[in-house]
Amino acid sequence: MKAAIVERAGAAPVYGDFREPRPGPSQCLVRMRAAALSHLTRMRASGTHYSAAATLPFVPGADGV
């Protein structure tokens with residue numbers, strides 16, 4: 001899938017290919033049209049929020065349509 005990818009905390013995201021997510025046993029896969037660029041998303045991408053992803057690279061976002 002194409003996505004904005006955070007490769008390093010604090011660095012600008014890069015546009016590129018990212019692995020497709022695979023849902024777990026009690027989850028379902030949804031397709032996103034857009035995601036908000038909220039303060040939470042920006043803090044996670046910069047690595048300054050306590051809930052920031054521990055593994056890089058990742059696709060930032062917490063909500064979408």
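Phenylalanine 58 is found in the segment that follows helix α1 (39–46). Helices (H or I, at least four residues) and strands (E, at least two) are DSSP runs, numbered from the N terminus. This is a predicted model, in which local features need pLDDT of at least 70 and side-chain atom pairs count only at pLDDT 80 or more, while totals for chains, interfaces and linings use all residues. Residues are numbered from 1 along each chain as its sequence is written, and side-chain values use heavy atoms, with hydrogens and water left out.

Phenylalanine 58 counts as buried because its relative accessibility is 13%; buried means under 20% relative accessible area, exposed over 50%, and partly exposed in between (1.4 Å probe, protein chains only). From C-alpha to C-alpha, phenylalanine 58 lies 8.6 Å from alanine 45, and the two are 13 residues apart in sequence.

The chain contains one helix and two strands, and its elements run β-β-α from the N terminus on. Values for the chain are listed below.

| Property of the chain | Value |
|---|---|
| Box filled by C-alpha atoms, along the principal axes | roughly 30 × 25 × 20 Å |
| Buried share of the 65 residues | 14% |
| Accessible surface | about 5300 Å² |
| Share of that surface belonging to carbon and sulfur atoms | 56% |

The accessible areas come from the Shrake-Rupley method with a 1.4 Å probe; for residues, only the protein chains shown count as cover.

Of the contacts (heavy atoms within 4.5 Å) between residues at least 6 apart in sequence, 47% join residues at least 24 apart.
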